[in-house]
Amino acid sequence: MDVLRPPLININGRIYRRNIIKEEHYEEEEEFSCMGPPDDEELGEDETCDTHLIEQSDKGYRCAIDVPSVLYKYIIGKKGETRKRLEFDTKTSINIPKQGVEGQIVITGSTKTAVSSAVTRVEVLVESFRRKQPFTHFLSFPLNNSKIQEGFLRFKDEVLKQCSQDHGVEESIFQNPAKLHLTIGTLALLNEMEVRKACEHLQECQNFIRDITEGKPLPLEVTGIEYMNDDPAMVDVLYAKVNVRDGSDKLQVIADRLVEHFVSAGLMVREWDRVKLHGTVMNTLFRKDSTVEDTGAAGRQTVNEREAFDAKNILKKFGAYCFGEIELNTVQLSQRYSTDCTGYYSSAGSISFS
């Protein structure tokens, strides 16, 4: 790590520096420090915690924090060392529910300043290790209506008929037609409360989406293919291009607004300035593991293990291929590694355009 440019974490508008303990230690033992006032600069007694209510009682001060149980171990640390260090440094007591039991972490101390300091440090730990959790859900635009599926299956048949002699082109790398979709963004929702929160935020997006679509389904055409690598002879992902039939950027605006909303709510991490709208039709991640999702995860294979395919002939012969048209009418909060009765991903929540 470059000590002059340490990694930073943004939590509720505050910037924190992340200091990493030696690699041989447990990852739970990573330490964090606030890029704010010096340790000996006391906060005023009327200082309040930005995101949590600190209550006063006969025995001092108390604050309860909602933390998914899967993250408890990072606050406890190896043999309880992280919690002990936090308690010693902040002169507080940190009570954590038993592993696997959803509840609140309760921090108590003799001063509001001490409790506020402990809350901040726990928040930084939680945010840091939350980012390391694999995503569980993703926002999607389904593209799996019957016409698009039929067009995709014709594309698959023709590619295998005309291009199967090209390196790496085989049936296993094609998408499941029932799961054709556009990914908007991924989320790591670690308990039922967070899933409900995400569903509530999705509902909040319905008004601005209907303003953009004028309360009508969005007519799309799925035409043309493109690749994500620099070399068309060494392709890992081939995707269908999707456009609004009237030539507007309404779909892009909706996707970007959705990401903006969920990033602001702390439920999604922004990866790009704009959402890359693409409908995956071929992906080398599927070659050895058909359960791998094409929603942004690396799956069980590393990049070095992936066998790219030669897409030059596919691009030449099918560059303007028309998969079909669709009246898009929903955004779904889809659950990773799931299937509903239609063959699409199970939905934790959805909103409609009309």
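Student: How many aromatic pairs does the count give?
Tutor: The model here is predicted, not experimental. Two rings pair if their centres lie within 6.5 Å. By this rule the number of aromatic pairs is 11.

Student: Are the rings of Y74 and F129 stacked or edge-to-face?
Tutor: Their centres are 4.2 Å apart, and their planes meet at 0°. Planes under 30 degrees apart count as stacked. The angle of 0° therefore makes the pair of Y74 and F129 stacked.

Student: How many residues apart in sequence are the parts that this pair, Y74 and F129, ties together?
Tutor: Y74 lies in helix 1, residues 72-76. F129 lies in helix 3, residues 112-130. The pair ties together parts whose separation in sequence is 55 residues.

Student: Are Y74 and F129 buried or exposed?
Tutor: Buried means under 20% relative accessible area. Y74 falls in that class, and F129 does too. The class for both Y74 and F129 is buried.

Student: What kind of aromatic pair do Y321 and F323 form?
Tutor: Centre to centre, Y321 and F323 are 4.8 Å apart. Their planes are 75° apart, and over 60 degrees counts as edge-to-face. Both residues are buried. The pair of Y321 and F323 is edge-to-face.

Student: Which residues do ring pairs link into a cluster with Y321 and F323?
Tutor: Y321 and F323 already pair with each other. Ring pairs place both in a cluster with other rings.

Student: Which residue lies over the face of F135?
Tutor: Charges also sit over rings in this model. One case is R257, over the face of F208 at 4.2 Å from the ring centre. For F135 the distance to the ring centre is 4.0 Å, and the residue is R336.

Student: Is K91 buried or exposed?
Tutor: K91 has a relative accessible area of 66%. Exposed means over 50%. K91 therefore counts, at 66%, as exposed.

Student: With which side chain does the side chain of R130 make a polar contact?
Tutor: R130 is in helix 3 and is buried, at 18% relative accessibility. R130 touches P68, L71, A188 and L190, among others. The polar contact spans 2.5 Å, and the partner is E194.

Student: How far apart in space are V242 and T223, C-alpha to C-alpha?
Tutor: V242 belongs to strand 11, residues 237-244. V242 is buried, at 11% relative accessibility, and touches residues including L143, L182 and L251. V242 and T223 are 19 residues apart in sequence. In space, C-alpha to C-alpha, their separation is 6.4 Å.

Student: Which residue in strand 7 is the bridge partner of I94?
Tutor: Strand 7 (residues 103-109) runs antiparallel to strand 5 (residues 60-67), with seven bridges. On that side D66 has Q104 as its partner. Strand 6 (residues 92-95) is also antiparallel to strand 7, with four bridges. There the bridge partner of I94 is I107.

Student: How many disulfides does the count give?
Tutor: A disulfide needs two cysteine sulfur atoms within 2.5 Å. Among the cysteines, C322 is partly exposed at 42% relative accessibility, and C341 is exposed at 83%. The number of disulfides is zero.

Student: What share of contacts between residues at least 6 apart in sequence joins residues at least 24 apart?
Tutor: The protein chain has eight helices and 15 strands. Of its 354 residues, 48% are buried. For contacts between residues at least 6 apart, the share joining residues at least 24 apart is 72%.

Terms used
Residues numbered from 1 in each chain as written. Predicted model: local features only at pLDDT ≥ 70, side-chain atom pairs only at ≥ 80, totals over all residues. Heavy atoms only, no water. Pairing = 2+ DSSP bridges. Helix = DSSP H or I, 4+ residues; strand = E, 2+ residues; numbered from the N terminus. Buried < 20%, exposed > 50% of the residue type's maximum accessible area, 1.4 Å probe, protein only. Contact = heavy atoms within 4.5 Å. Phe/Tyr/Trp six-rings, centres within 6.5 Å; stacked < 30°, edge-to-face > 60°. Lys NZ or Arg CZ within 6 Å of the ring centre and 35° of its normal. Polar contact = N/O pair within 3.5 Å; in protein donor to acceptor, adjacent residues only side chain to side chain. Lists of a residue's contacts leave out its neighbours within four places in sequence.
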